[in-house]
Amino acid sequence: MRVVIIGSNHAGISCAMTLSSYYKDIEISVFEESNSIAYIGADGLLWISGEIDNIEKTLYSSPEKLRAKGIDLHLNSPVYKVDTVKKEVFYKEDSQNKSLIYDKLVLATGSSPIRTLNDEKSILANKTKVLTAKTFSEGKELFEISHDKKLKKMAIIGGGYIGAEAAVAFREARDDIVIDLYQKSDQILNNYFDKEFAQFGEEELINHKINVKLNLTINESDVEKLNYDLILESIGFCPNSELIPQLDRLEPTGAYKVNFYGQTSDNDIYAVGDCASVYNNILEKDVYMPLGSYATHSAIIAAHHIGFVAQGLIPRHKHNGSEGASSVKIFDIILSSVGMTYENAQNKFASNAQYIDFSNVIKPKYLTEKQGNAPITIRVVFKKDTLQLLGFQIACGQDVTNLIHLLSLVLQKQMTAYQIRYLDMFFLPELNQVYNYLQRALSQVLKFGIIK
Ligand SMILES: Cc1cc2nc3c(=O)[nH]c(=O)nc-3n(C[C@H](O)[C@H](O)[C@H](O)COP(=O)(O)OP(=O)(O)OC[C@H]3O[C@@H](n4cnc5c(N)ncnc54)[C@H](O)[C@@H]3O)c2cc1C
C-alpha cells in the first residue's frame with residue numbers, strides 16, 4: 001500500500017512517523033512545498049523573548065530523520081492537483097510536473113494566517129513592515145527585527161493567544177519600544193475566556209507598558225498615518241483546503257469535514273491538523289480549531305486507522321472529540337481554559353447556564369510565595385438544572401495547568417459537579433490544601449442543587 005501525505009509540518013510528520021514506526025509494509029511519500037519542517041511557531045516567540053537561545057535546537061525533526069525512517073520526502077514540491085478518481089497526485093519538483101498514484105491520501109496542508117493588510121503596498125508607502133508569525137522564515141525575520149535598534153514602534157493586530165504572546169515576547173526583548181495591541185472586541189482572548197478572566201491578562205499587559213486598544217483595529221489607510229515600524233497580524237487562521245474542493249467542508253471556514261478517524265467524505269482521503277474540522281463535545285458540533293495539539297493527535301489517529309485497515313483489523317484508534325483545552329502565559333499570570341465560557345453557555349442554554357467564581361491560594365495559607373504558593377481564581381460554568389459541568393477558566397501565578405487536562409476528561413464524559421466533588425485527590429501540605437481549590441469551587445456549584 002502507498003500512502004501519500006501532503007504537507008510536512010506537525011500533522012504530516014506525526015502521520016508519516018507513526019506509519020513508519022508501526023506498519024512496516026506501507027510505502028510513505030510526503031510532499032512539502034517549503035524547504036523546512038518541524039518549526040513550532042510558539043518557539044519563535046520564545047526565541048524573541050530570550051527564553052530560547054538557539055531556534056535550531058527546537059526543530060524536533062529533520063528531513064534526514066524522516067528519510068532515515070524510510071520515508072520518501074520531497075521538499076520544495078508543492079502538490080497542485082489531485083485526481084481522486086485515478087487516485088493520483090500532481091506535484092512540481094525541480095521545475096518539472098510529476099505525479100504519483102496513492103492508495104490512501106492524507107491531507108496535512110495546515111492553515112495560513114488571515115491577512116487584512118497588503119504587505120508590499122504598506123512597505124512602499126511608509127516602510128512599515130507587515131508580518132505574520134507562522135513560518136520559520138517569518139520567525140527568523142521577526143527575531144531580527146526585534147533586535148534591530150531601528151524598531152521604535154510596533155502594532156499587533158489581534159488580541160488572541162498569539163497576539164498576547166507576541167506582545168509579551170517583544171516587551172521581554174525590548175523595554176524601549178512602543179507596543180500597541182489592537183483588539184476588535186471589548187476584551188482580549190474572547191474565544192476562550194469571559195471578560196473578567198481576560199482582564200487578568202489585560203492588567204498584566206498594561207503593567208508592562210503595552211497599550212491595549214480594545215474595540216479598535218487598523219486598516220490600510222491607517223498604516224501611513226500611524227507610522228509603525230512593524231505591524232504583526234495575528235487575527236486567526238484559515239484552513240489550506242482548496243486542493244480538493246469537492247470534499248465536504250465545514251462552513252464558514254471551509255475546513256475539510258472529517259469523522260473520528262480523520263476520513264473525509266472520500267473514504268480513501270484523510271484530512272488532519274489545521275486543514276480539518278474537529279468535533280467539539282461541549283458544543284456538540286464540528287468546529288474549526290487550528291491547534292498543534294489536535295494536529296498531532298488527529299494525524300496519529302489517521303495513521304493508525306490506515307494501518308489497521310491495511311492489516312484487515314477493526315480500527316481501534318479514534319478521536320474522542322475536543323473540549324478546546326488551551327493555556328496562555330502573560331508575564332506573571334497563567335490563564336487556562338477548557339469547555340464553554342459563560343457567554344457561550346448562555347447562548348446555548350439561556351437561563352439554564354450558570355457560573356461561580358472561586359478565589360483562594362493553591363497551598364496552605366502559611367506557605368509563602370517563595371514556597372510556591374499563589375492566588376488562584378477559578379470559574380466553573382455549569383447547567384443549573386443538572387449541575388452538568390460545561391467549562392472551566394483558571395487564573396494563577398503558578399503552573400496549575402495540568403488540572404485542565406483532568407477537567408477536559410470531565411467535560412468529555414459529561415460529568416456533573418456531584419461526580420467530581422468527592423474525587424479521590426491526594427493531600428500533601430507542601431503541594432495543596434486538604435480541601436483543595438477545585439473541590440471548594442465545586443462545593444459552591446453544589447449549592448445550586450438545593451437552592452431553587
Ligand atoms: C505563533 C504561533 C504560536 C502557536 N502556539 C501554539 C500553541 O502554543 N499550542 C498549540 O497547540 N498550537 C499553537 N499554534 C498552532 C499550531 O502551530 C498549528 O496548529 C500547527 O502548526 C498545525 O500543524 P499542521 O501540520 O496541521 O499545519 P501547518 O503547520 O500549517 O503545516 C502545513 C504544511 O503543509 C505544507 N503545504 C500546504 N499546502 C501544500 C501543498 N499543496 N503541497 C505541499 N505542501 C503543502 C505547508 O508548507 C506546511 O509546511 C501556534 C501557531 C503559531 C503561528
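Into which domains is the protein chain divided? The chain of this predicted model is split into domain 1 (2-39 + 60-111 + 247-310), domain 2 (113-236) and domain 3 (332-449), with bounds that come from an automatic or database domain assignment. Residue numbers start from 1 along each chain as its sequence is written. Because the model is predicted, local features need pLDDT of at least 70 and side-chain atom pairs count only at pLDDT 80 or more, whereas totals for chains, interfaces and linings use all residues.

**View A. Domain 2 and domain 3.**
The centres of domain 2 and domain 3, taken over C-alpha atoms, are 32 Å apart. Seven residues from domain 2 and ten residues from domain 3 form the contact, where two residues are in contact if their C-beta atoms, placed from the backbone, lie within 7 Å. On the domain 2 side, four of the residues that touch domain 3 are nonpolar, one is polar and two are charged. Here Ala, Val, Leu, Ile, Met, Phe, Trp, Tyr, Cys and Pro count as nonpolar, Asp, Glu, Lys and Arg as charged, and the others, Gly among them, as polar.

**View B. The shell around the ligand.**
The ligand is surrounded by 32 residues, the closest being Gly7, Asn9, Gly41, Gly110 and Gly273; a residue is near a molecule or strand if its C-beta atom, placed from the backbone, lies within 6 Å of it. The shell holds 14 nonpolar, 14 polar and four charged residues. At least two shell residues come from each of α1 (10-22), α2 (41-49) and α9 (292-310). Helices (H or I, at least four residues) and strands (E, at least two) are DSSP runs, numbered from the N terminus. Domain 1 and domain 2 both give residues to the shell, so the ligand lies between them.

**View C. The antiparallel sheet.**
Three strands form an open sheet in the order β4-β5-β6, with antiparallel pairing; strands pair if DSSP finds at least two bridges between them. β4 (79-83) and β6 (96-101) stand at the edges with a single partner strand each, so one side of each has no neighbour in the sheet. Four bridges join β4 to β5, and Val82 has Val89 in β5 as its bridge partner. The hairpin of β4 and β5 has four residues between the strands, and in it Lys87 takes a positive phi near 55 degrees. β5 (residues 88-93) is joined to β6 by six bridges, and Glu93 is partnered by Gln96 in β6.

Phe31 lies in strand β2 (residues 27-31). Phe31 is buried, with 26 other C-beta atoms within 10 Å; buried stands for 20 or more such atoms, exposed for 12 or fewer, and partly exposed for values in between, with C-beta atoms placed from the backbone. Leaving aside neighbours within four places in sequence, Phe31 is in contact with Ile6, His74, Ser77, Val79 and Tyr91.

An open sheet of five strands has parallel pairing and the order β9-β13-β10-β11-β12. β10 (residues 153-157) and β11 (residues 178-183) pair over five bridges, with Met154 opposite Ile179 in β11. Helix α6 (residues 161-173) packs on the sheet, touching β10, β11, β12 and β13 (230-233), and its direction makes about 175 degrees with that of β11. Helix α7 (residues 195-207) touches β11 and β12, and its direction makes about 135 degrees with that of β12. Axes are lines fitted to C-alpha atoms, for helices over the stretch in contact, and angles run from 0 to 180 degrees between N-to-C directions.
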